[in-house]
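Thanks for coming. I will go through one model today, starting with where its two chains meet and then moving inside the first chain.

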Amino acid sequence: MNEAPVGGSTASARPFSKSNLYPDFTLTEDNCDQEPIHRPVAIQGHGHMLVIDVSARPALHAISSELAAKLGYTTEALWAEPLRNWIPESIQSLITNSGSSPHLPSSSNDSISLGGETYQLLHYQSDGKLTIDFEPSADTVVDEQFIRTAAQAFRQINDVETLYAQAAKLIAEAFGYDRVMIYQFDHDQHGCVVGEHKVDTLEAFLGLHYPETDIPKIARELFLKTKSRVIPDVSTANLVLLFNPELGSNPPYLDLTYSQLRATSPIHIQYLQNMGVRATLTLSIVINGKLWGLVACHHYVARRVLFEHRIIGEVVADLLAKRIYELEIEKNSMQETASRAVESRLVEQVRMSDNYRLMILENASMIVDLCRADGAAIITLDQCIYATGLVPNVEGLLVLRDWLVSEGHQEVFSTAHFAQDVPAGIEIDPPIGGMLAGCLSGLSHSYIMWFRHPVSQTVEWAGDPNKSYSVETTQNDGEVRLNPRESFAKWQVSIEGQSLPWESSALDMADRLHQDILKVELRHTTRLIEQRNKEFMQLTFSAAHDLQEPLRTQANYFNLLTDCLEANEFDELPHLIQRLEKSTHRMSELVTDLLSYSRLAGENKRELIDLNGLVSQVIEALETNIEETQAIIHVEDLPTIRGDSSKLRQCLQNLISNAIKYVAPGDDPEISIYIERDDPFFTLNVKDNGIAIDAEYHAKIFTMFQRLHARDEYQGTGIGLAICAKVAESMGAEIGVTSASGEGSTFWLRLHNSQII
Amino acid sequence: MITKPELILLIDDSDDDNYFHQRAIVRSGYDCKIDVCTSGDVAMDYLSNQGEYESRGTEYPVPDLIFLDINMPRVNGWEFLERYAQWVESPDGNRAEPVSVIIVMLSTSLNPDDKERASESRFIKDYLAKPLTSETFIEVVNAYFPHAIDK
């Protein structure tokens with residue numbers, strides 16, 4: 001970079017270089033984003049500046065280095081001289097009329113001629129100081145009609161892309177710049193050229209991205225305040241500001257935010273020069289009080305635009321902002337209204353449903369679409385997984401869920417860069433690009449998740465965004481210099497493995513849906529707990545009752561035994577003893593079954609279960625029973641499913657042994673085990689040729705200790721089917737029986753297809 | 001007026017209890033016929049001459065005294081009483097008029113609600129704890145069959 005020229009010729013002028021453009025701020029590698037560009041102690045070289053302290057008796061506060069000479073004085077002479085003795089008439093009247101209230105820049109009707117050049121006087125007042133910019137006149141003209149032309153043109157455009165292109169074209173034509181870009185800030189403050197108009201010979205920048213550091217936060221704040229900024233010629237040397245010696249050697253900061261002449265950051269000058277740009281005009285696009293973007297006008301030779309014309313530019317940028325807002329709002333509100341309607345219908349259905357999980361399954365594609373995802377999954381409290389579309393495999397889902405739990409995300413978690421944001425070591429298949437996840441209960445490990453495919457994306461940057469600056473340490477004083485990148489050649493960064501970013505509307509939707517489902521799930525959980533409590537009370541009562549019964553019977557037999565022995569009657573004894581043994585055996589059966597039932601309370605595993613293998617194991621366990629009864633068992637080819645295999649084994653063992661047990665006297669049991677598909681469900685059936693079960697008992701038989709037969713007719717504790725029902729519940733399955741007289745019974749388990757592997 | 005219970009029906013699914021109760025009745029000295037039904041629905045078939053009892057024809061005995069268990073498979077004691085009430089009020093039931101069957105509920109009396117419920121039933125004359133002994137059987141006969149001849 002060039003050494004910045006020393007401005008001014010007076011002895012008191014401080015030697016000026018870019019490093020002391022700001023008093024007491026030294027650039028280092030880490031603070032370039034804090035460069036106080038609003039208070040340089042210099043102005044652009046094409047104009048002059050006068051700062052009058054009007055807080056008390058008006059006094060000269062600061063003056064740009066060459067103004068005194070232009071007025072025919074030395075700067076030293078002016079400090080001592082009363083204002084009225086030297087100040088031009090037009091400025092004296094500004095001071096007289098200034099009053100005490102601050103005001104934004106405005107032009108005075110008077111102009112002033114100095115050294116053959118005519119200057120327009122622009123003044124603003126803040127902090128008790130009246131600042132007067134002397135801005136040279138220009139011969140470029142912008143027609144005031146342009147405001148009307150632009151307003152009409154914008155109104156007729158109904159899509160943003162055309163609007164950006166057209167706005168760039170109109171502004172380029174009206175203001176005569178070589179290139180006009182509509183530049184939009186992204187959510188992370190990097191920017192992208194969304195509209196462009198340029199002379200044919202220039203390379204297009206449309207679609208290029210620029211890193212956040214190109215327009216740092218402090219610059220964005222300035223643009224929000226000033227609405228327009230002009231640099232007529234980057235190659236003009238700055239002029240230093242000289243402060244009244246009475247202010248001491250460290251004069252207070254002078255905020256030049258509103259000065260039209262404020263010196264430009266040397267880094268920015270270098271940046272423009274590296275691009276070959278010589279003059280710029282920048283207009284702010286402000287929507288809802290936020291800096292949405294900029295109209296960036298570049299010229300490759302020096303170019304001046306008058307203050308009045310810049311105001312026209314500000315107005316047109318404002319019209320553009322309003323039209324962008326209208327079009328975006330219109331688009332969003334139409335989408336919003338449509339998806340809100342779908343959402344509220346869905347939530348209502350889910351809320352009203354007895355089995356809201358099935359309702360969610362039936363509406364799964366809607367849930368996916370509402371967040372514009374490719375797939376979704378719900379993992380419930382009892383480890384059931386409902387999934388549709390693009391989702392990781394079950395292991396992946398469970399690992400993800402555990403990770404979310406460990407991270408303690410209570411709000412919706414979102415990532416469009418799954419591989420980066422979700423820790424390594426989680427192997428996910430199929431590959432996922434982005435995920436949204438919301439917890440469905442504060443206590444449980446229940447989650448709803450949305451997934452998006454990874455997509456190949458190419459982002460074109462203006463130069464390498466990772467090298468937006470180079471750092472250089474000067475030889476003599478160890479000072480750090482930051483040089484903006486010299487190459488703006490198109491730099492393509494291809495992004496793999498990421499999804500398209502989640503739109504804010506998708507995030508809002510995910511948040512609302514997860515809150516809604518959370519409420520339903522909470523209600524469901526509460527009901528479940530109440531039901532479990534009730535079941536537990538009933539179980540305790542029934543268990544005590546059923547266990548007491550054999551005890552009572554034994555006591556009765558012991559009484560009879562005693563009576564018989566006292567009366568010396570021995571005939572009955574063998575019978576009494578045989579019944580006592582039977583009663584003891586029954587008690588031990590009850591205790592064994594109760595124990596198996598209580599074991600069902602353990603956590604559900606999610607293992608792969610080859611049903612063919614599981615059924616073979618059950619048949620092996622029942623071998624003696626099968627041989628004794630000469631039962632025939634047909635097993636069709638069964639799928640592999642997911643669940644807790646030891647629980648499912650208990651269930652199947654009970655169903656098959658029931659099928660063997662409840663046959664009409666004289667018949668040989670014949671049992672078929674097969675699958676039926678009824679999209680989106682499948683049923684696992686155990687069909688027998690046994691005694692039929694009346695329809696009125698079909699529900700009752702699955703409750704604890706319910707038996708349909710007198711004890712000596714068919715053996716049993718009344719716990720077996722209760723165990724089966726409990727297993728079904730733990731798998732999220734439905735259990736039932738169909739039976740018709742003479743056709744035996746078919747016990748079935750109905751599972752959702754997503755549980756088949 | 002029936003002078004003594006000639007036919008007694010035990011409705012209970014427990015073979016053991018039926019054994020105890022039959023033994024107690026036999027040992028009480030009364031010469032009664034005792035039938036057993038192992039569930040409420042079988043008992044209804046028995047009373048209304050249906051199901052396995054259909055072949056008995058229209059002339060069938062109505063028991064004078066029923067001992068009814070509560071917990072039974074399929075149709076329990078309470079459900080039996082509902083069906084019994086319907087049957088008694090039906091034209092078919094009236095055929096056996098006057099139905100003056102004495103029903104005594106036998107329970108292991110674990111559940112206090114059952115006793116309360118029994119006292120509210122117009123068909124239940126008494127609510128006794130299992131097992132029925134010869135002594136309690138004699139008390140029942142004395143209470144509800146005052147003119148019974150003691151053998």
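**The interface and the salt bridges**

About 2,000 Å² is buried between chain A and chain B, and carbon and sulfur atoms give 45% of that area. Buried area here is the accessible area, taken with a 1.4 Å probe, that two parts lose on being put together, summed over both.

Before going on, the ground rules. This is a predicted model, so local features need pLDDT of at least 70 and side-chain atom pairs count only at pLDDT 80 or more, while totals for chains, interfaces and linings use all residues. Residues are numbered from 1 along each chain as its sequence is written, chains are lettered from A and ligands numbered from 1 in the order in which they are written, and side-chain values use heavy atoms, with hydrogens and water left out.

Back to the interface. Chain A puts 23 residues into the contact and chain B puts in 22 residues; contact means heavy atoms within 4.5 Å. The rule finds seven salt bridges across the interface of chain A and chain B. A salt bridge is a side-chain nitrogen of Lys or Arg within 4 Å of a carboxyl oxygen of Asp or Glu. One pair is B:R83 with A:E696, where the closest N and O atoms are 3.6 Å apart.

Which elements of chain A supply at least two residues each to the side that touches chain B? They are α14 (504-566) and α15 (573-599). Of the elements on that side, α14(A) gives the most, with nine residues. By class, the side of chain A that touches chain B has eight nonpolar, six polar and nine charged residues. Ala, Val, Leu, Ile, Met, Phe, Trp, Tyr, Cys and Pro count as nonpolar, Asp, Glu, Lys and Arg as charged, and the others, Gly among them, as polar.

Now inside chain A. There are 19 helices and 29 strands, which are DSSP runs numbered from the N terminus: H or I of at least four residues for helices, E of at least two for strands. Of the 757 residues in chain A, 52% are buried. Buried means under 20% relative accessible area, exposed over 50%, and partly exposed in between, with a 1.4 Å probe and protein chains only.

Over all chains, the search finds 30 salt bridges. A:R452 and A:E503 meet in one of them, at 2.8 Å, N to O. The partners are 51 residues apart, with A:R452 in strand β18 (residues 447-452) and A:E503 in the loop between β22 (490-498) and α14. A:R452 is buried, at 5% relative accessibility, whereas A:E503 is partly exposed, at 30%.

A:K726 and A:E535 form another, with the closest N and O atoms 3.2 Å apart. This pair spans 191 residues, from A:E535 in helix α14 to A:K726 in helix α19 (residues 720-730). Is A:K726 buried or exposed? At 19% relative accessibility, A:K726 counts as buried, while A:E535 is partly exposed at 27%.

Last, confidence. The mean pLDDT of chain A is 84, and 91% of its residues reach 70 or more; pLDDT is the predictor's confidence in each residue, from 0 to 100. In chain A, strand β21 (residues 480-484) is lowest, at a mean of 64, and strand β12 (residues 279-287) is highest, at 96. Over residues 1-19 of chain A, pLDDT stays under 50.
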